[in-house]
Amino acid sequence: MFYLTEQFFSIQGEGKYAGVPSYFLRTAGCNLSCPGFGAKYEIGGEIRYGCDTYFAVDSSFVKSWQKIEKSIDLIGQLESEFAKIGYLPHVVITGGEPLMYHKDPVFYEVISWLVSKNIQVTFETNGTIEIDFETYPLYKQCTFSLSIKLSNSGEPKQKRIHLEALKAIASQAQEVFLKFTIDTALVETTALNEINEIRTILPKLDVYCMPVGESRDTIWKNDRSVFYFCMAHNFRYSDRLHIRVFDTTQGV
Ligand code: SF4
């Protein structure tokens with residue numbers, strides 16, 4: 001059994017496959033909370049801070065989450081959605097942290113169906129969950145966008161960097177790249193050192209940097225400094241197309 005917060009057809013807005021029409025499955029729950037990203041929301045009068053997908057992270061939203069108890073139910077929904085789309089789109093599994101469910105039998109059956117259809121599956125993950133690729137070999141056939149959190153996430157380093165998990169994904173999966181979410185303050189201080197520290201462990205992976213921002217306003221505060229940072233250090237700039245176009249992170 002696993003939880004989904006939303007599923008929708010859109011265009012990938014970030015990373016290597018930005019611009020590619022994609023069907024998104026957003027799982028619920030995360031092992032981090034990333035208060036440093038500063039998205040402000042309110043639960044029962046209490047102000048909390050999290051990331052732009054706090055609604056998929058904070059279990060206070062559980063009543064709005066969809067429980068997937070049988071793979072056949074979700075597969076049936078996907079077959080119907082793909083028939084409406086008219087082709088088999090790239091599927092992006094994001095969250096929250098989708099790899100929290102990687103051992104779940106229902107979740108793995110859905111992955112198995114997607115792979116059997118030759119659908120490209122990309123996981124958007126924080127890279128802190130260690131996958132046993134011998135027990136769960138289908139993950140070798142997936143793409144991993146390793147969105148490793150830096151100090152601006154507000155999470156302690158020992159929670160956000162898991163060396164064994166990163167090495168396992170980088171050495172076993174068919175395609176892996178790094179994606180960092182950074183802001184002007186980090187660009188001006190420790191961003192390069194933090195990224196280079198990770199690159200000493202994962203030297204061969206392409207690096208994408210994108211601006212922090214859960215809205216157009218916050219992206220505008222960070223995009224230019226991230227742009228120049230990428231030029232200076234030969235990293236790839238990633239925008240957040242869905243926020244530029246729709247000014248939101250939900251349902252697009
Ligand atoms: S790891 Fe990702 S989904 Fe989880 S809290 Fe941090 S930014 Fe949000």
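These legends cover close-up views of one predicted model. Local features need pLDDT of at least 70, side-chain atom pairs count only at pLDDT 80 or more, and totals for chains, interfaces and linings use all residues. Residues are numbered from 1 along each chain as its sequence is written, and side-chain values use heavy atoms, with hydrogens and water left out.

View 1. Strands are DSSP E runs of at least two residues, helices are H or I runs of at least four, and both are numbered from the N terminus. Two strands pair if DSSP finds at least two bridges between them. Strand 11 runs parallel to strand 10 (residues 207–211), joined by two bridges. Y208 has R236 in strand 11 as its bridge partner.

**View 2. Strand 7 (residues 121–125) runs parallel to strand 6 and to strand 8.** Three bridges join strand 7 to strand 6 (residues 90–94). Here I93 stands opposite F123. The chain crosses from strand 6 through helix 2 to strand 7, and this β-α-β crossover is right-handed. That means the path from the first strand over the helix to the second runs clockwise, with the strands pointing away from the viewer. Four bridges join strand 7 to strand 8 (residues 143–146). F123 stands opposite F144 in strand 8.

**View 3. Both faces of strand 7 are covered.** V121, F123 and T125 lie on one side, T122 and E124 on the other, and all are buried. Buried means under 20% relative accessible area, exposed over 50%, and partly exposed in between (1.4 Å probe, protein chains only). In a regular strand the side chains alternate between the two faces of the sheet. Five of the five residues of strand 7 are buried, so the strand is largely enclosed by the rest of the structure.

**View 4. E124 sits in strand 7 and is buried.** Its relative accessible area is 10%. A polar contact of 3.1 Å joins the side chains of E124 and S145. A polar contact is a pair of N or O atoms within 3.5 Å; within protein, one must be able to donate a hydrogen and the other to accept it, and residues adjacent in sequence count only if both atoms are side-chain atoms. Not counting residues up to four places away in sequence, E124 also touches others, including Q12, T94, P98 and K179. Contact here means heavy atoms within 4.5 Å.

**View 5. The largest nonpolar core has 60 residues.** L114, F123, Y139 and F144 have the most contacts inside this core. Helix 2 (residues 105–116) gives the most to it, with eight residues. A nonpolar core is a set of buried Ala, Val, Leu, Ile, Met, Phe, Trp, Tyr and Cys residues joined through side-chain atoms within 4.5 Å. Beyond its neighbours within four places in sequence, Y139 is in contact with residues including H102, F107, F123 and F144.

**View 6. The structure holds zero disulfides.** A disulfide is a pair of cysteine sulfur atoms within 2.5 Å. The sulfur of C209 is 4.3 Å from the closest cysteine sulfur, in C230, too far for a bond. C209 is buried, with a relative accessible area of 0%. C30 is partly exposed, at 22%.
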